[in-house]
Amino acid sequence: MNTILNYIKKASLFCALLGSPVFVSTANAQLYNFTEEQMKSYTKENPYGRFPGGRPMIPAAILDTIRKMDIQVVEAIGSIPREYSNQYEDGWKSLIPGKKLVGRAFTVQFMPSRPDLVAGMQAEADKNNFTGLNNRTTIDMLQKDDLVIVDLFGKVQGGTYVGDKLSYYIWKTTGTGLIVDGGIYLTENIQQSGMQAFYRGTYPGALSNATVSGINVPIRIGKAVIMPGDLVIGDQDGILAIPPQFVPKLIANVTRDRRRDFWMKRAFDLGKYKSSDIYGRPKDPALLKQFEEYLNTGDAKLLPR
């Protein structure tokens, strides 16, 4: 057993050096998670508080602001620096067309089952009083405003993370919904609850031949890399994971962009300007000053008349 534990420690160190999820035992018996120290290291630019265990905790008031603003993915993507180019994924099915999802990422990683691997992982879980390597274990960890993002490696047949009852629990616990790179089933029943979900497909059967391999670790969903605690927005254009450090900039940018659009459309409503007079930046110096002051203040007195 000591040999196995030594191997796990070495493998964990190697994974850490590669920037991969580390499967280690933590104080709260979550075997397949970052340690608190690792979570803080990987998310060191987080400007907000943290959950026990270190996951970034974007405040509920900020999430409410984003929901009230009804921010679209297409509006938000410009607030992410160019080097963060792997934050977006499209091609989803959705339960409720037109309904957005907003929440803090709670990430879950599955991998195809292999008996010896599953047995070893479960033995370690049992030793640490961990309840099991299944979907219910991860669902029971969710909190208000969490948005569970599930890497089920695109599996639909036998890749059904939830049906109507567990999805209802998610809905009532988090108030958000779920995103699963895999399947769900009993979709009509789920839809009737009012919960939104983004998923790859449906299959009339339970989850099988897949095991949980990571909880609140970095995951890949298609082209997108998602970290625990990211702000995730989902709409008809796709899903976007926004690192917490860019959330203040996101709100400021969207506010300014919407003021710009409103001001320009108001100018066009007057019927006395050509598009080239206004679009981009007003050419008239007086109009330009008025425009820039409106962007900064939102004062209705500065709208074109």
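Predicted model: local features only at pLDDT ≥ 70, side-chain atom pairs only at ≥ 80, totals over all residues.
Q: Let's back up into the helix, then. Which residues of α3 are buried?
A: Start with the general idea. An α-helix has 3.6 residues a turn, so residues three or four places apart point the same way. Now the case here: α3 spans residues 60-69, and its buried residues are Ile62, Leu63, Ile66 and Met69. Looking down the axis of α3, you'd find these within an arc of 125°, so they line one face of the helix.

Q: Which residues are exposed on the other side of α3?
A: Over there, Ala61 and Lys68 are exposed.

Q: And what do the buried residues of α3 pack against?
A: Three elements: β5 (101-112), β12 (231-235) and α9 (247-269).

Q: On to the cores. Which residues touch the most other members of the largest nonpolar core?
A: That core has 28 residues, and the ones to look at are Val148, Tyr161, Ile170, Leu178 and Ile184. Two or more residues each come from β5, α5 (115-127), β6 (146-162), α7 (164-174), β7 (177-184), β8 (196-202) and β9 (210-215). Strand β6 gives the largest share, 5 residues.

Q: Take Leu178 as an example. What does Leu178 touch?
A: Leaving out residues up to four places away in sequence, Leu178 has contacts including Leu101, Val148, Tyr161, Ile170, Ile184 and Phe198.

Notes
Residues numbered from 1 in each chain as written. Heavy atoms only, no water. Buried < 20%, exposed > 50% of the residue type's maximum accessible area, 1.4 Å probe, protein only. Helix = DSSP H or I, 4+ residues; strand = E, 2+ residues; numbered from the N terminus. Arc of directions from axis to C-beta. Contact = heavy atoms within 4.5 Å. Core = buried A, V, L, I, M, F, W, Y, C linked by side-chain atoms within 4.5 Å.
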